[in-house]
Amino acid sequence: MKQHPLCTDTEHGPTILDLPIDNGLKHEWAELQTRRHFLGRAGKVMGWAALASLGSGEAVMGLVREPQQRSAPLPSPETLRLPNFAPRAQRAIYLFMSGGPPQMDLFDYKPKLAALFDTDMPDSVRGAQRLTGMSSGQSRFPIAPSHWGFKQYGKQGAWISDLLPYTGKMADDIAIIRSTNTDAINHEPAIMLMNTGNMNTGKPCLGSWLSYGLGSMNNNLPTFMVMMTKKNEEENNQPTSSRLWSSGFLSSEHAGVSLRSAGDPVLYLNNPQGVDGAVRRKMLDAVSEINRQTYEELGDPETHSRIAQYEMAYRMQTSVPELTDLSKEPKTTWDLYGPDARVPGTFAYNCLMARRMAERGVRFTQIYKRGWDVHTHAVGLLPMLCGETDRGAYALVTDLKQRGLLDDTLVVWSGEFGRTVYSQGGITKEDYGRDHHPRCFTTWMAGGGVKPGITFGETDDFSYNVVKDSVPVRDFNATILHCLGIDHNKLTFKAQGLDQKLTGTTPAKVVDELLI
Amino acid sequence: MSSVTQVGPQTSQENESVQPASTRSKWMLVCVSAFLLLALLWAFAPDGQAHASWQQFLGRFHPLAVHLPIGLLLLVPVLEIGGRFRPSLREAAGFVLVCAAVCSIGAVVLGMLLAHGGGFAKEAVRGHMWAGLILTIAVITCTFLRSSWITGRSSFLYPVVLLAVLALTAWTGHQGGALTYGKTYLTEFAPAFIKQLEPHKTYPPVDPVSVYVTRIQPILDSNCITCHSGAKVKGGLQLDTYAHLMDGGSSGEVIAASHPEKSLLFTRITLPAEHPKFMPSEGKPPLTAKDIAWIRAWVQQGASPSSTTLVGMELKPAHIDDPIPQVGDYSGLTSQIEQIESSLGIKLDRVSAKPADGLVLRTIGVSQKFDDADLAKLEPLAPYIVDAELGHTKVTDNSFATLAKMPHLRAIHLEETSIDGRNIKQLTGLAELRYLNLSSTRVTKQALSDIAPLKTLQHIYSYNTPAAPVPVP
């Protein structure tokens with residue numbers, strides 16, 4: 001019998017009653033169904049009828065007749081034709097130093113500053129720059145030379161602070177970029193800009209773009225994983241949150257999956273008591289079937305994401321315990337990463353996990369370490385921060401290298417901005433603080449097609465302005481995408497009337513000098 | 001016919017008495033008007049700079065006004081010849097000629113305003129201007145010659161000058177048309193046999209690795225050709241090929257080799273952005289300083305189509321990855337690939353959007369069960385696999401035989417497998433293999449020496465194996 005187009009809800013298809021679930025549940029459903037069904041469906045039919053009489057009836061009928069055509073096929077690596085060219089890196093690991101590490105205390109060696117201790121920074125250096133509210137009221141801007149010495153490391157003699165002896169050991173494997181610079185001076189916009197290419201919340205982050213553009217290498221683990229480092233209460237911890245690994249307007253299956261730093265890495269991953277794998281599977285099949293019906297009814301692509309996420313969670317029940325089981329790691333691993341690595345949630349532990357994720361085909365891993373926001377007491381805090389991160393980062397790069405994974409794994413180390421050469425608040429021989437500084441900061445990259453053992457970019461004598469080879473955030477991100485085989489102008493998604501991309505609307509360029 | 005020929009002499013007889021004085025004053029008039037026109041030229045010399053906008057406003061009526069004297073001039077010979085049969089037509093000819101002279105003067109004045117006000121200075125404009133001036137003076141001369149021709153005193157001067165005027169009209173008109181529509185406008189869609197007659201400038205051949213091809217044409221391609229090639233040829237200028245570039249446009253040649261400051265192509269892109277003549281026009285983004293520097297250096301150093309170096313410019317090649325060997329096109333095998341993927345639970349990812357870059361075999365999702373037999377099932381796709389990621393799987397040394405059948409393998413991952421490398425010799429036939437990962441396997445020193453003959457191998461990893469005792473960090 002041919003149905004009226006407004007009555008598609010009465011079509012015969014598989015119903016809940018056909019599903020492989022308990023009869024009791026079916027009964028319960030049937031009871032609920034009668035009232036809910038009547039009210040819900042009746043309301044909808046009335047709505048359609050009203051809409052049809054208001055506007056062009058045919059348009060509505062068209063909608064009703066072809067529900068499957070309501071949503072256009074979603075873009076995928078297939079339709080995007082990615083990678084655009086053969087990539088150097090298959091995957092990337094991003095060590096995010098949240099808070100803004102002070103470049104002149106770690107990498108940007110400025111020996112001339114020693115003689116200028118506690119003298120006023122020349123106005124010409126700062127120019128007309130607006131400072132943050134935290135130091136703009138200061139009557140003077142006393143220069144604070146770094147408290148620590150620097151040594152040259154590696155074949156090219158890269159200058160690295162005594163705070164980072166392990167990083168010094170891998171100087172020949174990393175490309176230090178001293179001329180990175182950003183447009184934002186405060187944490188939230190700066191960290192968003194770094195991660196999403198836009199200061200406003202709501203855009204997809206780098207990992208989501210990679211997941212969307214390149215897809216998964218291992219269906220049993222998320223494409224994009226995030227690990228938080230346990231917070232050190234003595235440090236000034238700026239908050240981080242899931243908006244930093246959000247998929248923005250991309251489908252939510254591209255959002256980062258964050259592992260907890262203590263306890264179960266993923267909550268509720270284990271089956272509850274009395275539920276075995278077979279029951280869980282049966283339940284998921286039923287949920288998936290219901291979701292599929294909802295999708296057919298409403299055509300909302302987010303329903304697909306939901307189905308995919310249930311399936312991923314199910315597979316993670318076996319893959320995550322295997323991933324986090326460090327019992328088979330040889331002694332050499334612990335010798336390399338240090339004793340910290342045995343404690344879940346430490347930076348070293350996360351670095352070891354990142355290596356294991358790289359081995360298991362996770363496309364993008366991001367490790368956050370907070371606490372770099374050293375407005376005060378930098379002399380006390382920096383040895384702590386460096387002690388927590390230096391060895392882990394070195395161990396990760398070295399481990400990837402010896403295992404032959406650094407060839408196709410890109411490692412990135414970066415904060416969201418740098419810090420001022422002048423001291424925030426007072427300055428003594430023993431201590432100083434540093435405010436946010438967007439005009440220059442130091443980052444490094446390693447592996448995955450990046451030229452090893454180079455130092456790129458120069459700042460002025462005050463580590464305040466870039467004087468050579470500026471690398472704005474958009475170029476930094478364009479270069480990361482290039483290593484992964486992506487032309488940053490071609491990885492786009494239409495949203496809000498714009499072909500959105502990670503590098504934004506200001507023209508960006510790949511920094512060729514950093515590439516092999 | 002004989003009666004008609006008498007008309008001239010009869011009229012002349014009537015005017016005989018006044019002739020000497022009026023002739024002199026007429027010639028004075030010709031000289032004065034010629035002098036005035038030349039003075040105009042001096043006042044409104046086209047010097048290459050734009051002037052008052054009222055000049056341009058009036059000047060832009062030149063293309064409109066110019067057609068009136070042309071029409072009138074063409075009518076004169078018709079009337080003169082027709083006058084042989086109908087005398088009334090001949091009487092009209094004199095009047096029409098005077099009208100043509102007056103209109104010519106008007107058109108010339110407007111033309112000068114256009115050239116002066118609009119800042120035209122090129123050869124083509126000068127040529128057109130001089131031709132127009134001479135034509136106007138010739139027309140004025142004609143009006144006076146005609147009266148003596150009517151009286152029969154000089155029987156050949158007037159027809160000769162009139163003929164010259166007509167020829168000059170055609171020539172000047174053509175020049176003007178070329179200025180407005182471009183040199184190639186007339187002949188663009190001409191049949192081949194006409195095109196052959198067209199004089200063709202020949203240029204030296206373009207070298208595919210020259211600075212022109214690698215640096216200059218790309219700048220033109222991304223900034224200029226939307227308005228200067230194909231269907232849209234603004235200003236008669238096409239910038240899509242070297243020959244078109246050198247041909248120039250309505251305003252003449254745009255490249256003066258070795259003289260960027262005299263090259264329109266260069267001067268127009270370096271004007272202030274708000275200048276009406278600035279290029280790219282219509283608010284399109286200006287060229288970058290780098291692009292401009294390239295164009296300047298290239299023109300300065302001869303605008304050559306074949307030179308591969310430019311003094312003072314760093315010719316850093318665009319970033320090109322090592323060329324990777326190409327494999328066959330697998331795009332026809334999509335269904336077979338998908339079928340193998342789903343039956344084995346593996347992934348066969350393309351290296352890039354270009355099928356010739358090959359496929360990557362990923363087994364990490366099924367590493368717990370992927371074994372030699374599974375690998376053997378991939379044989380139909382052997383020619384397309386360039387990267388075999390078999391780490392953490394159950395493959396054994398028996399798999400080397402299958403791997404050896406994949407001629408385009410560039411990378412093999414065998415880390416964390418149980419192989420010991422006894423059959424590794426079989427890989428020595430893989431001429432493109434560059435990367436071999438044997439970390440955390442049972443591979444021996446003997447196996448490493450077995451693989452040594454493979455000279456293409458750049459990276460071999462044997463961390464945590466009997467072959468390489470683990471270094472203590």
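Strand β8 of chain A is mostly covered, with six of its six residues buried; a residue is called buried if 20 or more other C-beta atoms lie within 10 Å of its own, exposed if 12 or fewer, and partly exposed in between, with C-beta atoms placed from the backbone. Helices (H or I, at least four residues) and strands (E, at least two) are DSSP runs, numbered from the N terminus. This is a predicted model, in which local features need pLDDT of at least 70 and side-chain atom pairs count only at pLDDT 80 or more, while totals for chains, interfaces and linings use all residues. Residues are numbered from 1 along each chain as its sequence is written, and chains are lettered from A and ligands numbered from 1 in the order in which they are written.

In a regular strand the side chains alternate between the two faces of the sheet. From β8(A), A:Thr409, A:Val411 and A:Trp413 point one way, whereas A:Leu410, A:Val412 and A:Ser414 point the other way, and all are buried.

Two strands pair if DSSP finds at least two bridges between them. Strand β1 (residues 91–97) of chain A pairs with β8(A) in the parallel sense over six bridges, and A:Leu95 stands opposite A:Trp413. With strand β11 (residues 441–446) of chain A, β8(A) pairs in the antiparallel sense over three bridges. There the bridge partner of A:Trp413 is A:Trp444.

Confidence is given as pLDDT, the predictor's value for each residue from 0 to 100. Chain A averages 87, and 85% of its residues score at least 70. Within chain A, confidence is highest in β8(A) (residues 409–414), at a mean of 98, and lowest in helix α2 (residues 57–65), at 46. Over residues 1–11 of chain A the pLDDT is below 50, and this stretch has 12 contacts in the model beyond near neighbours in sequence; a contact is two residues whose C-beta atoms, placed from the backbone, lie within 7 Å. Residues 57–73 of chain A also stay under 50, with 17 contacts beyond four places in sequence. Where pLDDT is low, the predicted coordinates should not be read in detail.

Between the chains, 25 residues of chain A are in contact with 23 residues of chain B. On the chain A side, the elements that give two or more residues are α11 (331–337) and α13 (378–402), and α11(A) gives the most, with three residues.

In chain B, helix α15 (residues 334–344) is hardly covered: among its 11 residues the count of buried ones is zero. Just after α15(B), B:Gly345 takes a positive phi of about 75 degrees.
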